[in-house]
Amino acid sequence: MSYENILVEVREPIAVVTFNRPKVLNALNGATLRELDAAIIELAAHAGVRAILLTGAGEKAFAAGADIQELAAVSAVDGHALAMRGQQVFDRIENCGKPVIACVNGFALGGGCELALACTLRIASETARFGQPEVKLGIIPGYGGSQRLPRLVGKGAALKLLLTGEMISAAEALRIGLVEEVVSPGELLARAEQIAKAIAAQASLAIEKCLEAVHAGYDLPLRQALDLEAALFGICCATEDKTEGTKAFLEKRTAVWTGK
């Protein structure tokens, strides 16, 4: 399908989704969120796409949060619905069954930072800046920032960002565990593609079940989480890919995955 606010490029085994509103720092207005949701649904169902990269057009921003003009007119009832809708879209990204890599090339503020938090991995340019400045507008994060951020970087580091509304550099984001790697601006997409292709070279069902084990088990008591892992391990053992993977290893050759 065609989009007005994002660009979608499929280069199997990866797809690149680019927020294409550089004049407003790729702000995540309602229309952009709807298009992002539709694109993730489409790419999750695309058999040839094994990993998804998210990035922003231009050099200034990944996504600089919500559209403040839209936000200024939001009532309490509408605000609740807006937050629930954003959370739904970001939940879909987190649980689409395929790795989604945020390629942060500039400002990732407010909803843009929350979007990065919902991704599987985060690779940042040296020029990237992260922040949750909602308190400066008299509100709190609504798309999952108050929940995913402390789970990722710890309660104290998260509260420092949430309560001050300050921005941090890519280097500081790496230090506190907000991102996995920092690279030069010219290497950002190439490095993300390298990681995505390394993941795509593995068995797709194993990747899907690994993601499920981590996401579903993260907040469970350890015993329940281990039971979940054992169940998913058993499912993997019944697949053709497990048969092929073990056979290829013993025969010292590259496995040929079928996704079955």
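**View 1. K252 is exposed, with a relative accessible area of 76%.** Exposed means over 50% relative accessible area, buried under 20% and partly exposed in between (1.4 Å probe, protein chains only). K252 lies in the segment after α11 (240–250). Its phi is positive, about 55 degrees, although K252 is not a glycine. This is a predicted model: local features need pLDDT of at least 70, side-chain atom pairs count only at pLDDT 80 or more, and totals for chains, interfaces and linings use all residues. Residues are numbered from 1 along each chain as its sequence is written, and side-chain values use heavy atoms, with hydrogens and water left out.

**View 2. N26 is buried, at 1% relative accessibility.** The residue sits in the loop between β2 and α1 (30–44). N26 is not a glycine, yet its phi is positive, near 55 degrees. Most residues other than glycine have a negative phi, and most peptide bonds are trans.

**View 3. A cis peptide bond links E12 to P13.** Omega is near 15 degrees. P13 belongs to the loop between β1 (6–11) and β2 (14–19). Strands (E, at least two residues) and helices (H or I, at least four) are DSSP runs, numbered from the N terminus.

**View 4. Helices α3 (residues 76–94) and α4 (residues 111–118) pack at about 30 degrees.** Their axes are 8 Å apart. Axes are lines fitted to C-alpha atoms, for helices over the stretch in contact, and angles run from 0 to 180 degrees between N-to-C directions. F90, I93 and E94 of α3 contact G111, E114, L115 and A118 of α4. Contact means heavy atoms within 4.5 Å.
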